[in-house]
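Here is a short briefing on one structure.

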Amino acid sequence: MEEEKYVLHGAKTLGSLQKSTAGKQLYDALVRHSHLPEAMIDAHTQEKISYKALLETTCRLAQSFQKCGYKQNDVISICSENNLNFFCPAIAAMYLGMIAAPLNENYTKGELHNALNISKPKLIFCSKKVLSKMLEVKQNFTFIKKIIILDVLQDIDDSESLSNFILRNSNESYKNFRPLDLDCKEQVAAVLCSSGTTGLPKGVMTTHTNLSVRFAHARDSQIGHQTIPGTTILTFMPFFHGFGFCTTLGNFIVGLRTIMLRRFEPELFLKSIQDYEVRCILVVPPIALFLAKSPLVDKYDLSSLKEIGCGAAPLGKEVGEAVVKRLNLDGLRQGYGLTEATLAVTLITANRFKPGSSGPLVPLMSAKVIDIETGKSLGPDVVGELCFKGDMVMKGYMGNIKATRETIDENGWLHTGDLGYYDKEGHFYIVDRLKELIKYKGFQVPPAELEALLLKNPCIKDAAVVGIPDESAGELPAAFVVKQPGKQITEIEVFDYIAGQVSSPKHLRGGVRFIDEIPKSATGKIMRKVLRELAQKMKSKL
Ligand SMILES: Nc1ncnc2c1ncn2[C@@H]1O[C@H](COS(=O)(=O)NC(=O)c2csc(-c3nc4ccc(O)cc4s3)n2)[C@@H](O)[C@H]1O
């Protein structure tokens, strides 16, 4: 029986929680905000999309899906850098109980192969930039029926443009379209990649109920970053990642004006805040460090900025305080979240700033910190594994019951693999990571994925990858390698071997170190803590 005294509960009710599907809530929001001229602006091109255009495009795209015979639980993937049309297929899919599976556009063909094998999309929406890569990958999968290009007006060879696909398969009478009623708790809305506490990337099944809780938080002035329609928020968070995906959907729900960057570009970032009079920005810790230290910041008028949301990786208390002081803010709204729990599960709320804390538990969720030996829940100010329960917890990993059961226990508790504690006021502090996951600038770097690639190299007998601390990036992936007897390979050859197979965040920026044996426990588990300590003593030649 759970010791109730050490289980924390967020607010049990939230006036803004709606029982309808995420698709219906998004549809209603696009209708409600259809008078607002700017839903999203591309900071690179100044192009924009209105709420009315989002409404028409998503309804006609849903009608097109229906005309072409796509149906409930069919998966569509979106593989693109942030762009104005990124969310059109995702929202249209949610109207119909289809499933949106965003993919990192920087994935190599090998990474895409793994991710596509999980979600098995019938349709892929991609940008012109990744079209050739997607066409090559498509050849290996019979389940992919079509590729549609998001950011061109004309077809390219056999791939239709989004606008032509809609024109050919729908008509002007989109006003008769309505989203379907669905079982919100069971119906999967999106599948997002995450490696979780161990192993290779998996597909996190996020349901309509999961998103509904997020939308309730977004609407609530105590939790949401901004809640007044038309308020301007800026993001460069990749839309394929839970942080960027779920916060931007929340922006549409509230009617915000989202200024979108494809990637962080210092001058464009600062100029956009100034020129669009941005009120709120969402950042990861390396950008908080930039805001704290860069001389560039003094060249721009950032006086419109009233709020900074920061998360996805640890933020040093001193950095947060430096940003607040330099930008004359009330505080920095740090949050702690994981893809497996949809978005932030602890979040600094307005006026409850505590430097170094990731904030109190969000409404509609429960939390406990457990002793990693006994599993018993712990009281305040004692470090243990963070666990969460409630309607933000994912349905599970797609097609992977074993990994799901290893992450969500029989009582519905999500075991995060993170170490932390809460203080007497219920503020949470993340202090370390039990799990092997490495975070490079907020991006996931699953050691198991790199270790599997290293072991395929004929010159390598054994290998382990750990994260080593870095002030700017948070952690850098570093490899320990045992050479095959009689084989030669250099550090740079190992670095290049990995860099040629995976996307940039996974490159071995922490270096390569050759050792005689990988330290392992009696059960064969890599002793990663030992390796992290060894990495500090053994400098890499790279
Ligand atoms: N604040 C934090 N401090 C320390 N570590 C943090 C962290 N947030 C995530 N992490 C680490 O990333 C892991 C999860 O990685 S992940 O799966 O890629 N997902 C994420 O990192 C993730 C998904 S949603 C999300 C956030 N949403 C927010 C909304 C508003 C806001 O102000 C702040 C945040 S953070 N983060 C966690 O298990 C943890 O190890």
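The side chain of glutamine 444 places an N or O atom 2.8 Å from an oxygen atom of the ligand. The protein covers 99% of the 740 Å² of accessible area that the ligand has on its own. Accessible areas come from the Shrake-Rupley method with a 1.4 Å probe, and for residues only the protein chains shown count as cover. This is a predicted model: local features need pLDDT of at least 70, side-chain atom pairs count only at pLDDT 80 or more, and totals for chains, interfaces and linings use all residues. Residues are numbered from 1 along each chain as its sequence is written, and side-chain values use heavy atoms, with hydrogens and water left out.

**Ligand site**

- Which residues come nearest to the ligand? Of the 26 residues around the ligand, they are Gly335, Asp418, Lys435, Lys439 and Gln444. A residue is near a molecule or strand if one of its heavy atoms lies within 4 Å of it.
- Threonine 339 has a side-chain N or O atom 2.8 Å from an oxygen atom of the ligand.
- Arginine 433 brings a polar side-chain atom to 3.0 Å from an oxygen atom of the ligand.
- Four strands each supply at least two residues of the shell: S14 (307-310), S15 (333-337), S16 (344-347) and S22 (427-433). Helices (H or I, at least four residues) and strands (E, at least two) are DSSP runs, numbered from the N terminus.
- Strand S15 gives the most to the shell, with 5 residues.
- By residue type, the shell holds 11 nonpolar, 10 polar and 5 charged residues. Here Ala, Val, Leu, Ile, Met, Phe, Trp, Tyr, Cys and Pro count as nonpolar, Asp, Glu, Lys and Arg as charged, and the others, Gly among them, as polar.

**Annotated domains**

- The UniProt annotation "domain: AMP-dependent synthetase/ligase" (unreviewed entry) covers residues 38-397. UniProt positions are given in the numbering used here, feature names are shortened, and annotations may be inferred rather than shown by experiment.
- Residues 38-397 are 30% helix and 22% strand, and the end C-alpha atoms of the span lie 36 Å apart.
- For residues 449-525, UniProt lists "domain: AMP-binding enzyme C-terminal" (unreviewed entry).
- That span, residues 449-525, is 21% helix and 31% strand, with its end C-alpha atoms 15 Å apart.

**Cysteines**

- How many disulfides does the structure hold? There are 0. A disulfide is a pair of cysteine sulfur atoms within 2.5 Å.
- Cysteine 79 is in no disulfide, and the nearest cysteine sulfur, that of cysteine 126, is 6.9 Å away.
- Cysteine 126 is likewise in no disulfide; the nearest cysteine sulfur to it is that of cysteine 79.
- Buried or exposed? Cysteine 79 is buried, at 0% relative accessible area. Cysteine 126 also counts as buried, at 0% relative accessibility. Buried means under 20% relative accessible area, exposed over 50%, and partly exposed in between (1.4 Å probe, protein chains only).

- Aspartate 462 lies in strand S25 (residues 460-470). It is buried, with a relative accessible area of 17%.
- The side chain of aspartate 462 makes a polar contact with the side chain of lysine 520 (2.9 Å). A polar contact is a pair of N or O atoms within 3.5 Å; within protein, one must be able to donate a hydrogen and the other to accept it, and residues adjacent in sequence count only if both atoms are side-chain atoms.
- Lysine 24 sits in helix H1 (residues 22-32) and is partly exposed, at 30% relative accessible area.
- What does the side chain of lysine 24 contact? Its polar contact is with the side chain of aspartate 28 (2.7 Å).
- The C-alpha atom of lysine 24 is 9.6 Å from that of leucine 96, which is 72 residues apart from it along the chain.

**Positive phi in loops**

- Lysine 120 is not a glycine, yet its phi is positive, at about 50 degrees. Its loop runs between helix H4 (109-119) and strand S6 (123-126). Lysine 120 is partly exposed, at 43% relative accessibility.
- Glutamate 277 has a positive phi of about 50 degrees and is not a glycine. It is found in the loop between helix H9 (266-275) and strand S13 (280-283). Glutamate 277 is exposed, with a relative accessible area of 60%.
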